[in-house]
Amino acid sequence: MSAEQVLFWAFAVGTIGSAVGVIFVRNPVASAMSLVASFFFLAGIYVLLWAHTIAVLQVLVYAGAIMVLFLFVIMLLSLNDTGPIAQVSLSRVAGALATAALLVALVQAFRKLPGSGTVEWATDAGRLASVGTSKQLGAVLYTQWLFPFEAVSLLLLVAIVGAVVVAKSRI
Amino acid sequence: MLNTPSFTLAEFMTVVPAAVLVVGAIVLMLSEVFLSTANRTYMAIVGVLASVVAGLFALANAFEPARLVLQGFAVLDPFSSFMTVMVCLGTALACLLASGFLKHRNAERGEFYALMLFAAAGMSLLAASNEFITLFINLEVLSVATYALTAFLRRGPRPAEAGFKYFILGAFAAALLLYGAALLYGATGTTRLSDLAGLLPGAMATKAGLVYAGFGLVLAGFAFKVAAVPFHMWTPDVYEGAPTPVTALMSVGVKAAAFVALVRTFLALTHGLDPQVPFALFSLLALLTMVAGNLLAMPQRNVKRMLAYSSIAHAGYLLLGVTALFVPPSAKAGDAGGVLSATPLLAAGAVNASVYKGILFYLLGYTVTSIGAFGTLAAIERREDETRGNTWDLERLSGLAQRQPGWAAAMAAFMLSLAGVPPTVGFLGKLFLFSAAVDAGLIWLAVVGVLSSVAGTYYYLRVVVYMFMRPAPADAPAPFRHWTTEVALVASAIATVALGIVPGPVAEWLSRAGMVFGN
Amino acid sequence: MPVVPTVNYLILAAALFCVGMLGVLIRRNALVVFMCIELMLNAANLTFLAFARERGDVTGHISPFFIIAVAAAEAAVGLAIVISVFRNRGTVNIEEIQSMKH
Amino acid sequence: MTSVYDSRILNLVIFSPLFFAALLVFLPKTEKGQIRAFTFVGMLLNLATCAWAWARFLPTSPVEYQLEYRMRWIDELGLSYHVGVDGLAMTLVLLTGILGPLVVLASWTYVDERVKEFHLALLVLQTAMLGAVCALDVLLFYVFFEAMLIPMYLLIGVWGAEERQMAATKFFLYTLVGSLLMLVALLAAYFLAAPPGARSFDYATLYNGLMSLNREVAACTAAGDCASVSAGAQAMVRWGPLMFLAFALAFAIKVPMFPVHTWLPDAHVQAPVAGSMILAGVMLKMGTFGFWRFAVPLFPVAARQYQVPIGILAVIGIVYGALMCLAQKDIKKLIAYSSVSHLGYCMLGMFAFTGEGATGSAYQMLNHGVSTGALFLLFGFLYERRHARLMSDYGGIAKVMPVFTAFFLVVTFSSIAVPGTNGFVGEFLVLLGTFKSNLPMWIAVAATTCVILGAAYMLWMVQKVFFGTVTHQENLGLRDLNAREVLAAVPLLVLIAVMGLRPQPVLDLLNPATERFLARANYASGKADPGSEDARVRVRVRSLPPKAAVAEVTPPQPLPRFMPAGRLTPTAAALAPQTP
């Protein structure tokens with residue numbers, strides 16, 4: 001087992017474990033903390049996938065900013081859940097079954113993929129050095145992905161206005 | 001050394017309508033700061049102006065040749081341009097409706113109209129998107145604006161609840177769509193729809209499972225957005241809880257934009273797949289949506305909920321048109337004809353142009369009709385009713401023909417148009433759409449659609465019965481009349497009838513809709 | 001260069017996606033449901049990145065970048081709505097947010 | 001000899017009521033008398049346009065559709081505004097025109113609430129009915145056919161009796177089910193009849209296109225091998241019967257034929273007198289007219305295929321209607337069921353596919369309009385006085401209302417086909433045609449027997465209502481008909497007598513239409529001699545005017561001559577094509 005494999009399994013188990021924690025822990029604060037943990041493990045996985053920039057963003061924006069917002073809201077509303085985490089109902093059982101079916105179908109589809117555990121293009125050292133770097137990402141973002149980039153700016157504006165309107169006191 | 005991109009000015013035409021809408025929205029937000037007088041009707045007029053100008057730009061775009069623009073992230077084609085025209089029309093009417101509605105509730109704010117214009121901009125951009133990530137972002141622009149609009153009024157629990165439900169299911173659908181896009185990216189190495197079409201046949205050879213999984217997830221995501229059965233559960237609650245002018249915009253704009261995006265996406269995604277698979281899936285969705293939408297609407301006494309279910313049924317008719325795009329070419333006249341199979345009358349050639357036209361004309365008809373129907377509801381909706389809980393009960397419409405003959409006549413026209421009775425635009429829309437479906441060989445599906453629309457007629461007629469044939473209740477509250485509301489109602493009523501009699505140049509223009517990029 | 005095969009990452013992503021989906025479908029707490037949607041988005045990100053490595057393609061890196069931005073926008077409006085619901089009803093429990101009749 | 005006005009007359013006929021409706025909107029709604037008088041004048045003027053059209057209509061002309069007018073409408077669909085009348089349509093136009101003013105007179109005091117809306121509905125309905133009769137574009141027909149529903153729905157639902165909402169909704173939904181299925185079949189016919197580019201909903205395009213397919217189908221069915229015919233003919237083999245059934249269902253509901261007649265008694269019972277009169281007088285004719293104009297000629301092979309089942313349903317309708325009448329206590333219901341029975345004769349005559357049968361059927365359409373319209377009109381006067389529908393509420397009316405009784409008796413005689421009235425001519429021809437046809441003999445026998453039943457229930461009702469002693473105190477004070485009511489009834493009585501004693505002018509009008517109907521039903525179905533060429537049955541109409549121009553008046557091309565009018569049955573010599 002190479003170091004990469006060890007790390008992969010460690011991060012994978014961590015990710016799934018804390019993700020399961022999110023849905024099976026009663027206390028919302030614990031759920032949120034579990035989610036933060038999951039995001040950290042995922043950032044590790046991203047590093048293994050040679051996506052350093054995204055890994056940093058994951059920690060900074062996701063685990064850092066978004067989850068803090070969540071925790072802030074949870075604290076603000078001083079939520080503490082009592083009662084069962086889920087009630088059994090027909091639609092929920094059907095939903096759970098559909099989820100399981102989706103998982104099985106996806107795993108089956110993935111197992112049929114041709115893949116030998118090597119990445120052919122990685123022999124090209126120059127390419128390997130540039131992939132996933134913030135330099136490359138920035139270059140592509142500002143020269144090729146201009147339209148989606150501008151669209152995101154619009155989205156953020158709309159989100160700000162929307163959040164202010166919704167959170168404003170009674171209209 | 002960066003290779004800086006070079007654009008020609010003409011490439012930006014596709015975003016001009018959205019840009020106009022955004023500028024309008026910003027003006028409105030600023031006006032709230034600098035110009036907040038007691039009378040805010042001018043805000044609605046600014047909204048209408050922005051929509052009209054954007055609509056005119058979009059109409060001009062519709063006569064441009066179809067082409068790929070902005071580095072392949074967007075397209076400029078008549079199909080999306082016409083959709084933008086309709087969105088702008090719907091937004092303008094919804095702004096007018098909102099003015100009276102909000103004024104009555106003392107809740108008229110610039111942000112409301114700004115969010116409406118933002119939503120319209122998102123719809124316009126969504127219709128033009130040619131890449132999954134772009135599509136996803138624009139979908140979010142329109143969704144986020146609509147979530148906020150839904151939860152705008154916070155008198156009573158309903159709007160916030162509706163906003164919350166809409167948000168959760170919308171985000172869930174977006175996640176499904178996105179995961180599907182990721183899988184398709186894995187299979188082909190691109191997220192651009194026009195490239196996907198070329199790469200999918202190759203990917204099918206080795207990664208069929210991945211492609212089908214991605215296809216299914218994307219379809220499920222879109223099915224949520226267009227409220228196709230069985231992904232429709234959110235619709236009635238959200239439509240009921242949202243402020244009525246917002247419901248009107250949702251029922252037309254959001255749905256229309258999602259339909260255009262759906263068509264564009266699946267035109268690309270069906271390349272290389274076994275043609276029976278998308279055909280079967282779409283037929284099934286269309287069948288379930290038409291039948292279930294109509295059957296679920298029948299027992300509703302709450303008119304707003306009834307209209308929500310009816311919008312599901314209308315999505316079903318549109319899906320019938322979409323299905324006609326994906327009829328497998330191999331179907332022969334002699335094949336056995338079950339409901340879910342195509343049996344063309346003749347070995348017909350391409351029918352696509354008439355299908356696009358049918359979809360767009362139907363959307364146009366549905367836009368004016370649905371805005372009108374929700375608008376009438378908004379007009380008779382009293383603030384005092386909000387605590388009673390039966391705001392939209394059929395009983396509230398009793399005797400409207402005596403109290404407000406003009407409104408009742410308009411509402412009757414809208415109901416008949418929704419039912420597809422001539423001489424209204426609803427009939428012509430159904431005619432265009434169903435003729436395209438019959439031409440494609442979907443005869444049995446068309447028959448099912450037609451029969452389910454009879455069930456639809458039953459509940460639309462019930463509204464007419466209450467308005468014209470029941471006495472007015474003694475405690476009927478006096479209406480709150482506002483000129484903008486009346487302008488919107490009159491405009492939609494005239495459009496509903498006039499377009500049904502003389503579709504004239506509109507139908508001719510829409511013939512260009514067949515020029516869909518990549519088709 | 002031998003690496004952990006892409007399929008492992010894909011299965012991890014699928015598992016994450018399904019855990020998130022399960023949470024959306026069964027949990028009652030609105031905030032937790034919202035967090036589960038974040039899990040689903042992350043699964044999509046992971047899938048993009050896994051394929052990006054296999055293909056050496058930059059699209060797979062750009063996409064998560066945008067998705068994170070979208071998630072932030074969604075969080076802003078979503079949390080505002082949750083607060084609004086809480087103000088009205090004093091709870092964020094989905095079962096109790098059912099004042100509308102069917 | 002055509003004048004520039006000829007092609008515009010039908011527009012006046014169809015749209016003058018709508019024009020008056022538009023003017024009526026501006027009258028204040030409290031001025032009930034003015035509204036009534038205005039509508040009455042409008043209806044009279046409309047009748048005048050109908051009469052003008054009649055004057056310009058040449059029964060002997062070889063041109064099938066006269067007074068044609070055609071205008072571009074929705075080009076992409078090949079839909080044009082195209083109107084024209086043949087002999088049958090002309091008579092139906094006249095019938096509708098005559099009923100118009102009478103309906104207004106009949107409702108003068110009957111309707112006292114929401115008078116303005118009522119008269120608006122009447123005028124709009126008049127336009128829709130006239131449009132449906134005159135339409136030569138099938139989709140235009142469909143539009144008018146559906147548009148008729150809305151005002152009628154309101155007439156029943158707003159001004160009807162206690163159960164009016166249920167009856168109105170039932171009426172609307174029944175009709176809609178059939179007509180929507182017909183729409184799908186019509187779309188299929190549209191695609192089959194012509195290649196892309198030439199497609200049109202015009203009657204001529206549809207008929208001529210389907211005719212050649214029907215010819216192929218008939219020939220290949222006779223040869224027993226339909227595998228090698230053209231794609232269109234194959235589709236016709238497969239879909240033709242279904243398309244015919246869809247058309248047939250739509251019209252059968254409207255006729256109404258057993259077993260889809262159940263909306264009719266409810267609608268008639270609940271409708272106000274105006275609604276009942278128009279329903280019986282004109283709207284039910286749309287069903288038989290639809291069979292005559294569309295269902296049979298467009299799908300002659302399938303029509304032949306289903307000749308016997310439809311004949312059987314028609315005769316079941318006749319017997320069932322008569323038996324139901326015998327069991328009725330409610331007079332309006334009785335008249336409604338008698339409609340089912342009478343229209344059974346209509347359908348039977350049509351599906352006999354013989355000269356006498358078809359002529360009788362057409363004649364019977366008019367008779368039923370006149371006599372049942374008159375029955376509802378007269379009963380409406382009684383109902384207005386007493387507000388009771390049961391026979392047991394009356395008795396001895398003859399003593400208090402002698403004029404009324406006399407009128408009612410004449411109409412009853414017409415309804416039971418006493419010789420000398422119009423009913424006799426129609427029913428006699430239908431039965432004669434049925435006996436001559438290839439329908440099973442028992443059908444004709446059963447239909448004939450029911451004539452007696454018909455006499456029985458009508459006379460029984462007359463006996464109970466008008467003769468004997470006055471059993472109810474309230475009935476003693478009933479006043480006889482006033483001048484307005486007499487004025488409303490007399491035209492119909494005159495028609496009964498004239499059409500009974502001098503049927504020839506009407507038959508002259510109907511005959512060319514009858515012959516063409518028969519030739520079309522027989523020719524393409526392969527029953528006629530195969531040597532005759534298509535030109536004889538082909539529908540010729542004015543071609544679509546060029547863009548940005550309205551149809552100019554060109555003398556229509558002469559068609560091969562049909563037999564001269566005035567004889568009942570076509571002879572082989574008359575049917576033979578004339579060689580120049």
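## Where chain A meets chain C

Let's start with a contact that takes 82 residues from chain A and 70 residues from chain C, where contact means heavy atoms within 4.5 Å. This is a predicted model, in which local features need pLDDT of at least 70 and side-chain atom pairs count only at pLDDT 80 or more, while totals for chains, interfaces and linings use all residues. Residues are numbered from 1 along each chain as its sequence is written, chains are lettered from A and ligands numbered from 1 in the order in which they are written, and side-chain values use heavy atoms, with hydrogens and water left out.

The size of an interface is often given as the accessible area lost when the parts come together. Chain A and chain C bury about 7,000 Å² between them, 78% of it on carbon and sulfur atoms. Buried area here is the accessible area (1.4 Å probe) that two parts lose on being put together, summed over both.

How many salt bridges cross the interface of chain A and chain C? The rule finds one, and it asks for a side-chain nitrogen of Lys or Arg within 4 Å of a carboxyl oxygen of Asp or Glu. The partners are C:Arg53 and A:Glu4, at 3.6 Å from N to O. By class, the side of chain A that touches chain C has 60 nonpolar, 15 polar and seven charged residues. Ala, Val, Leu, Ile, Met, Phe, Trp, Tyr, Cys and Pro count as nonpolar, Asp, Glu, Lys and Arg as charged, and the others, Gly among them, as polar.

## Where chain D meets chain B

Next, look at chains D and B. Their contact takes 38 residues from chain D and 45 residues from chain B, and the two chains bury about 3,700 Å² between them, 75% of it on carbon and sulfur atoms. In chain D, D:Glu76, D:Phe191 and D:Trp239 lose the most area to chain B, together 16% of what that side buries.

Across this interface of chain D and chain B the rule finds zero salt bridges. Which helix of chain D gives the most to the side that touches chain B? Helix 7 does, with 15 residues; helices and strands are DSSP runs numbered from the N terminus (helices H or I, at least four residues; strands E, at least two). The residues on this side of chain D divide into 27 nonpolar, four polar and seven charged.

Most residues other than glycine have a negative phi, and most peptide bonds are trans. The peptide bond from D:Val255 to D:Pro256 is cis, with omega near -5°. Another cis peptide bond joins D:Phe258 and D:Pro259, with omega about 0°. D:Pro256 is found in the loop between helix 9 and helix 10 (263-270) of chain D, and D:Pro259 is found in the loop between helix 9 and helix 10 of chain D.

Over in chain B, the phi of B:Gln71 is near 60°, a positive value in a residue other than glycine. B:Gln71 lies in the loop between strand 1 (67-69) and strand 2 (74-76) of chain B.
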